Amino acid sequence: MAKNEILIYKGPLNHEMINGLIHKVQNRFIELDVLYNLQKRGITILIELLENSCNYMRKLNNEEIADLPDPEMHIVQSDDVLHFYSGNLIFKEDSKILERKLKELNNIEISKIRDYYKFAMVGSMHSQKGTGGIGLMRILKIAKSRFNYSFKKIDDKFLYYNVEIILKN
Amino acid sequence: MINIEETEHSPRVYFDSDHNTFELIGVSRPEDVVAFYEPVRSEIEAYTNDILAKIDKIDRDSFNFMLMFDLYYINSASSKYILQIIDSFRKLHHHSLNISIVWKYEDNDDQILEDGEDLSEVIGIPFEFIPRKQ
């Protein structure tokens, strides 16, 4: 089975960098002649993953994290399957909430994810909270698969959160 | 009246209350989604509230507001605002005013079609889905 590297990135994230990464991936998809429908779904997942990481990193703006690992994004293609690996620092206390959310999402029957997503959209419509949870649900709805995730200890304050999602045609 | 030009990351927004037209075209993942969409949402809400305030004077047979979406990518933060904008028009729809929602998509882009179907179901108004060649 041939494997193609689509993107390997580790570094800071902001809107401009996200734009650059999206362009890079779009060009690579065209170069590798990835099916159009898979390209569109893949870019949508990439946008959600990168924006989730970027938004979370903004929360760490006032922290001394210069010596700690940067966010990362890795995409590999094998046949008509795309593997997304994303990672970023997370506060220890936030990791518990995120882990609970990921467990909850992974427990939803795949055939019911779309209904849950629509239900969550109604709830979020007039909420002041961010859309991070909706973004994760949208990724799952598009990929129709499960999140594979881990939290690795960095120090007493931070963990490094990695999430993997597979998108099949 | 709103007339915002399309950029690489934010959609063209056109709202003309004189001609009962709202259009959203392009990629919707602006850098600051709140700063981009909040003024749009707010102006549309003011317009729909104004219509509701004078609903008894409006000729229901001739009123027809057309919303047209032709989007290429949407992030989830934008979806929330798109939903709020359509929700403002739902209030008019509930008063038997004719609201037409057209959702265009590339014929081989299931993702944008599905986004439109989800919004239509959540909001409870049928959309007209129009495919076009890529």
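The second largest cavity of this predicted model has a volume of about 30 Å³. A cavity is here a set of points, on a 1 Å grid over the protein atoms alone, where a 1.4 Å probe fits but cannot get out; grid points are joined across faces, edges and corners, and the volume is the space filled by probe spheres set on the points. Two cavities of 30 Å³ or more are present in the structure. The lining of the second largest one, meaning residues with an atom within 4 Å of a point, consists of A:Y117, A:M121, B:S79, B:D115, B:D118 and B:L119. By class, three of these lining residues are nonpolar, one is polar and two are charged (nonpolar: Ala, Val, Leu, Ile, Met, Phe, Trp, Tyr, Cys and Pro; charged: Asp, Glu, Lys and Arg; polar: the others, Gly among them). At least two lining residues each come from α4 (113-124) of chain A and α3 (110-123) of chain B, and α3(B) gives the most, with three residues. Helices (H or I, at least four residues) and strands (E, at least two) are DSSP runs, numbered from the N terminus.

One of the lining residues, B:D118, is located in helix α3 of chain B. B:D118 has a relative accessible area of 0% and is therefore buried; the classes are buried under 20% relative accessible area, exposed over 50% and partly exposed in between, with a 1.4 Å probe and protein chains only. Leaving out residues up to four places away in sequence, B:D118 touches A:R114, A:Y117, A:K118 and A:K141, where a contact means heavy atoms within 4.5 Å. Of these partners, A:Y117 also belongs to the cavity lining.

Residues are numbered from 1 along each chain as its sequence is written, and chains are lettered from A and ligands numbered from 1 in the order in which they are written. Local features need pLDDT of at least 70, side-chain atom pairs count only at pLDDT 80 or more, and totals for chains, interfaces and linings use all residues, while side-chain values use heavy atoms, with hydrogens and water left out.

Chain A contains five helices and five strands, in the sequence order β-α-α-β-β-α-α-α-β-β. The C-alpha trace of chain A extends over about 45 × 40 × 30 Å along its principal axes. Buried residues account for 51% of the 169 in chain A. Among contacts in chain A with a separation of 6 or more, 73% involve residues 24 or more positions apart.

Within chain A, β2(A) and β3(A) pair in the antiparallel sense through seven bridges, pairing being assigned if DSSP finds at least two bridges between two strands. A:Q77 has A:L82 in β3(A) as its bridge partner. These two strands form a hairpin with two residues between them. In the loop between β2 (72-78) and β3 (81-91) lies A:D79, a residue other than glycine with a positive phi near 50 degrees. A:D79 is partly exposed, because its relative accessible area is 49%. By contrast, β3(A) is mostly covered, with ten of its eleven residues buried.

Strand β3(A) is also joined to β5(A), by eleven antiparallel bridges. A:L82, the bridge partner of A:Q77, has A:L167 as its partner in β5(A). Strand β5 (residues 158-168) is in turn joined by six bridges to β4 (residues 148-153), again antiparallel. In this pair, A:S150 is bridged to A:N162 of β5(A), and a hairpin through four residues connects β4(A) to β5(A). In a regular strand the side chains alternate between the two faces of the sheet.

A positive phi is also found at A:D33, about 55 degrees, although this residue is not a glycine. A:D33 is in the loop between α1 (15-31) and α2 (36-59) of chain A. Its relative accessibility of 67% means that A:D33 counts as exposed.

Chain B has three helices and six strands, running β-β-β-α-β-α-β-α-β from the N terminus. For its 134 residues a compact globule would have a radius of gyration near 14 Å, and the value for chain B is 14 Å, in agreement. Along the principal axes, the C-alpha atoms of chain B fill a box of roughly 45 × 30 × 25 Å. Of the 134 residues in chain B, 56% are buried. Contacts between residues at least 24 apart in sequence make up 67% of those in chain B between residues at least 6 apart.

Notes: 1 Å grid on protein atoms, 1.4 Å probe; cavity = no way out; pocket = protein on both sides within 12 Å on 5 of 7 lines; lining within 4 Å. Rg over C-alpha atoms; globule rule 2.2 N^0.38 Å.
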